[in-house]
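Student: I would like to go through this model term by term. Please set each value against its definition.

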Amino acid sequence: MTFDLAQALRDAVERTDEPVDPTALPGTTPVGASVGRLVARVRRRRVARNTARGVVGVGAAGALALVGTQVVGGRGAGDLRDAAASAADGAAVACGEPVSVVAETDPDLRLARSLVTAESPLWSGTAVQADSSDLGRLEGRTLDVYAIGHPSDAVTAAATASAVTAPAGSTTTYTVAADPGVEGLAVVVARDGLVVSASDAATTAVADSTVQLADVSAGTVTTAVGLSVPLVSCATDGGGEALPAGDYTAYVVDPGTGAASSPYRLRLLPHDDEQLADLPSGFPTDVPVVDGTLLRSEQVNGTTWTLVVQVAGTDGLTRATRLLDGADAFFPASGGDTDEFTTYLDQAAVTVRESVTAAGAPTLTYRVTQP
Amino acid sequence: MADWEEVLDDLVHERGPALVRYAALLTGSTRDAEDLVQDALVRTFAQGRPLRDTAAAEAYVRRAVFTVFLDGYRRRRLWTEVRHLLARDDALDGHDQSASDRLDVQAALATLRPRLRACVVLRYYDDLTVPEIARQLGLSDGTVKRYLSDAIGALEAVLGPVPAPADLHTVTLLPTGSRR
């Protein structure tokens with residue numbers, strides 16, 4: 001007699017005789033959280049998404065131009081401070097205040113644009129990329145960045161316990177764990193020394209993105225958490241205005257201690273329509289392509305399109321990811337290559353690769369395959 | 001209360017247990033499954049889709065459970081691939097308990113290493129083909145086949161013979177020799 005595993009799995013999921021948990025707290029649902037808590041999380045996520053997307057489209061681009069004129073072009077830093085200070089103050093750091101008086105510098109607080117993969121015969125893992133004080137040139141108005149800070153005592157203890165078993169020759173070992181010690185970190189953006197944007201950590205931490213780094217030889221542990229920070233002015237009943245183009249400085253701040261990192265440079269480029277208007281005839285209409293200069297397009301075998309688009313910012317790949325957000329999932333290319341991803345739409349597989357031309361201009365190569 | 005909030009409320013209470021049990025097949029832990037379902041619910045309803053009935057919403061959430069699980073799987077993969085070189089895998093700690101005492105499929109699944117368990121669920125519950133599983137998990141076809149073989153071997157020791165699932169794309173041979 002054989003065992004029907006598929007049917008057994010279906011029965012296991014759809015069983016109706018599950019006993020009631022007598023230890024469940026009042027208000028707890030079958031998924032382990034109250035509906036009210038879930039609704040609150042959904043609302044926060046929607047706010048973050050809306051503010052990040054608020055600059056998409058012709059109308060929003062016009063509004064952005066207006067903001068740029070009012071805040072930067074015509075009135076200068078003093079009015080920028082007034083504008084920021086008049087916004088609702090729900091952030092950990094006071095908007096409109098000089099950065100120098102709101103925080104002390106903590107060298108252990110850092111920002112990193114990406115984490116890199118390291119390989120050796122004994123181990124592989126993730127490490128913080130070499131320090132850089134430049135966060136790049138962004139066309140979009142979302143800063144995707146890793147905040148690095150002090151892990152909580154519990155995480156430190158767990159990391160240390162696992163690290164002691166590392167084999168001779170390895171210097172670092174890694175694990176992944178939720179860590180409120182860094183997931184509460186906030187990013188603050190300043191212009192001309194004044195805070196103009198302050199994130200709410202609860203809405204910016206990317207779920208399940210915490211990486212813990214334990215250095216066996218040095219006996220130290222640090223933790224990094226991925227943040228997706230909307231670059232909007234401090235207002236916040238759901239949304240300030242997208243920050244205008246210009247040069248800014250960003251800091252990661254520990255709301256618990258008030259300490260901040262040293263400054264990181266951030267240049268925001270003018271922000272136009274997010275989607276490329278001059279797509280070649282016949283290109284699938286359900287595949288959004290980031291705005292830029294179309295360098296090359298070709299179709300092969302009637303099923304595969306290749307487009308090369310030159311973009312101005314260093315955030316082309318993340319902008320492409322957001323435009324394709326309607327897709328169900330993003331799959332990083334094999335081997336941990338963070339310069340490329342593939343996703344699957346209803347009628348096409350889309351691979352996007354970020355590279356740089358010989359002249360140093362960033363480009364995105366789209367490969368779209370239809371069945 | 002907004003429409004989506006009512007749908008969320010209904011979905012959590014009516015289908016929450018089934019969603020958690022599905023997620024538990026992947027995670028091997030009810031606690032992790034609850035977290036996974038919560039994240040999937042938040043991700044789905046934060047998209048702003050016009051979700052007006054629980055059946056449609058459940059389909060999206062079930063897909064999101066799968067996606068969130070895979071996202072976490074990929075992040076953990078680098079570590080889990082080498083962790084056995086550094087320390088004993090926690091997931092194997094339950095192996096000393098006699099699996100033969102557990103005739104329950106969930107208990108049998110729980111004895112598998114996470115990557116093997118994921119392959120089994122994707123193959124036998126989600127009806128994915130080997131190439132599809134390989135693509136989703138970022139593995140080669142051969143590795144997935146080996147994982148499935150190892151997993152089924154372990155499950156058969158507890159559950160008895162487990163036949164291979166029918167291929168999703170069955171080719172029917174007709175007497176004329178043509179195919180359809």
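Student: What is the mean pLDDT of chain B, and what does the term stand for?

Tutor: pLDDT is the predictor's confidence in each residue, from 0 to 100. Chain B has a mean of 73, with 72% of its residues at 70 or more. This is a predicted model, in which local features need pLDDT of at least 70 and side-chain atom pairs count only at pLDDT 80 or more, while totals for chains, interfaces and linings use all residues. Residues are numbered from 1 along each chain as its sequence is written, chains are lettered from A and ligands numbered from 1 in the order in which they are written, and side-chain values use heavy atoms, without hydrogens and water.

Student: Why is helix 5 of chain B called oblique to helix 6 of chain B?

Tutor: Helix 5 (residues 114-125) and helix 6 (residues 130-137) of chain B pack at about 135°, their axes 10 Å apart. Axes are lines fitted to C-alpha atoms, for helices over the stretch in contact, and angles run from 0 to 180 degrees between N-to-C directions. Under 35 degrees counts as roughly parallel, over 145 as roughly antiparallel, 65 to 115 as roughly perpendicular and the rest as oblique. The angle therefore makes helix 5 of chain B oblique to helix 6 of chain B.

Student: What makes up their contact?

Tutor: B:C119, B:L122 and B:R123 of helix 5 meet B:V130, B:I133 and B:L137 of helix 6, where contact means heavy atoms within 4.5 Å.

Student: What is the angle between helix 6 and helix 7 of chain B, and what is it called?

Tutor: Helix 6 of chain B and helix 7 (residues 141-159) of chain B pack at about 105°, with axes 8 Å apart. Helix 6 of chain B is therefore roughly perpendicular to helix 7 of chain B.

Student: What makes strand 4 and strand 8 of chain A edge strands?

Tutor: In chain A, 5 strands form an open sheet in the order 4-12-11-7-8, with mixed pairing. Strand 4 (134-138) and strand 8 (194-198) of chain A each pair on one side only. Two strands pair if DSSP finds at least two bridges between them. Strand 7 (residues 186-191) and strand 8 of chain A have 4 bridges, in the antiparallel sense.

Key
Helices (H or I, at least four residues) and strands (E, at least two) are DSSP runs, numbered from the N terminus.
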